[in-house]
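The model is predicted.

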Amino acid sequence: MKRTVLLAMAAAMVLYFAACGNGASQMEKQTEANEGNLAAEGEEEVELQVFIAASLNTVMTDLANRYREDHPHVKITFNAESSGTLMMQIEEGFSCDIFFSAAQKQMDQLEADGFVVEGSRANVVNNQVVVVTRKGSGTKVTGLSTLQDAENIALAGESVPVGRYTRQALICKGILEAEDPSAVTTREVSQAFAGVEISEQDNVSKVLLAVVEGSCEVGTTYYSDTYGYEEELQILEVVDSSLTGDVIYPIARIKNEEAGALQTKAAEDFLDFLLSEEAKEVFETYYFDTDVE
């Protein structure tokens with residue numbers, strides 16, 4: 001009897017220590033898992049201020065989401081406007097880490113004024129100006145040469161790249177008489193087309209919206225802006241680059257005195273991603289041409 005009791009007690013102690021051992025093992029595993037999670041989440045949150053031309057809004061939103069899959073600690077905040085407006089904001093002291101322009105002119109100005117981080121500038125994509133109308137509009141317009149046949153036109157202002165490219169094309173076609181397209185006002189364009197009504201817009205996205213909504217019969221946007229509107233828009237003319245000049249989009253890091261080391265490193269890394277082969281494939285999906293020098 002005594003021996004039976006002793007054996008039972010010994011068995012119970014074995015089971016107890018085994019259970020303790022398993023519990024300790026489970027606790028160790030859980031601790032290791034927690035430490036792994038902390039390591040994964042240990043990178044400090046960083047926010048980047050990225051200024052982008054309005055025509056880049058859709059594709060850049062997609063690219064930012066893809067980037068954050070591997071860099072969840074990096075928050076990317078976009079400021080999407082006309083390149084001219086963004087340039088002025090940077091010169092006025094707005095906090096900016098990366099500037100992605102729809103034209104070389106604005107980047108040239110910022111570089112000349114010392115705002116661009118040396119060696120960070122690169123050409124990313126090319127685009128084309130198109131004349132568009134809403135499907136079923138019944139317009140008589142066939143392209144730039146017949147814009148006077150429209151009831152009204154949506155046109156970006158002369159400081160907006162797409163507005164300047166449009167004016168350059170009209171100059172090359174002999175419709176406008178000027179040397180500097182950025183000096184041609186919207187009123188002067190209207191006069192060249194026998195007083196046709198022109199609704200001036202301050203960025204290309206607003207031009208697109210005016211045509212899509214039907215408030216304007218025709219407008220000039222970028223080919224990439226027609227992405228997602230294939231069922232609603234008709235392209236009347238793809239304007240040849242011999243008339244507009246190359247519509248190349250440059251990108252660069254901007255000197256940001258407020259940025260710490262982590263933010264600067266994140267800006268460098270995000271810029272590298274935008275110049276990668278993976279990003280090129282995404283740009284091409286959104287109708288951008290990546291064959292640029």
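## Arg167

A residue is called buried when its relative accessible area is under 20%. Arg167 has a relative accessibility of 0%, so Arg167 counts as buried. Arg167 is placed in helix H5.

A polar atom of the Arg167 side chain lies 2.9 Å from the backbone oxygen of Gly163. With neighbours within four places in sequence left aside, Arg167 is in contact with Leu155, Ala156, Gly157, Glu158, Leu176, Pro181, Val184, Thr185, Thr186 and Val189.

## Largest cavity

Searching the whole structure gives two cavities of 30 Å³ or more. The largest cavity has a volume of about 60 Å³.

Its lining consists of Ala53, Ala54, Ser55, Glu81, Ser82, Ser83, Ala102, Val160, Pro161, Val162, Val204 and Tyr222. Sorted by class, the lining of the largest cavity has eight nonpolar residues, three polar and one charged.

## Second largest cavity

The second largest cavity holds about 30 Å³ of space. The residues that line the second largest cavity are Leu147, Ile153, Leu155, Thr166, Leu170, Val189, Phe193 and Thr220. Strand E6 (152–156) and helix H5 (161–172) are the elements that give two or more residues to this lining. By class, the lining of the second largest cavity has six nonpolar and two polar residues, and no charged ones.

How values were computed
Residues numbered from 1 in each chain as written. Predicted model: local features only at pLDDT ≥ 70, side-chain atom pairs only at ≥ 80, totals over all residues. Heavy atoms only, no water. 1 Å grid on protein atoms, 1.4 Å probe; cavity = no way out; pocket = protein on both sides within 12 Å on 5 of 7 lines; lining within 4 Å. Points joined across faces, edges and corners; volume = space filled by probe spheres on them. Nonpolar A, V, L, I, M, F, W, Y, C, P; charged D, E, K, R; others polar. Helix = DSSP H or I, 4+ residues; strand = E, 2+ residues; numbered from the N terminus. Buried < 20%, exposed > 50% of the residue type's maximum accessible area, 1.4 Å probe, protein only. Polar contact = N/O pair within 3.5 Å; in protein donor to acceptor, adjacent residues only side chain to side chain. Contact = heavy atoms within 4.5 Å.
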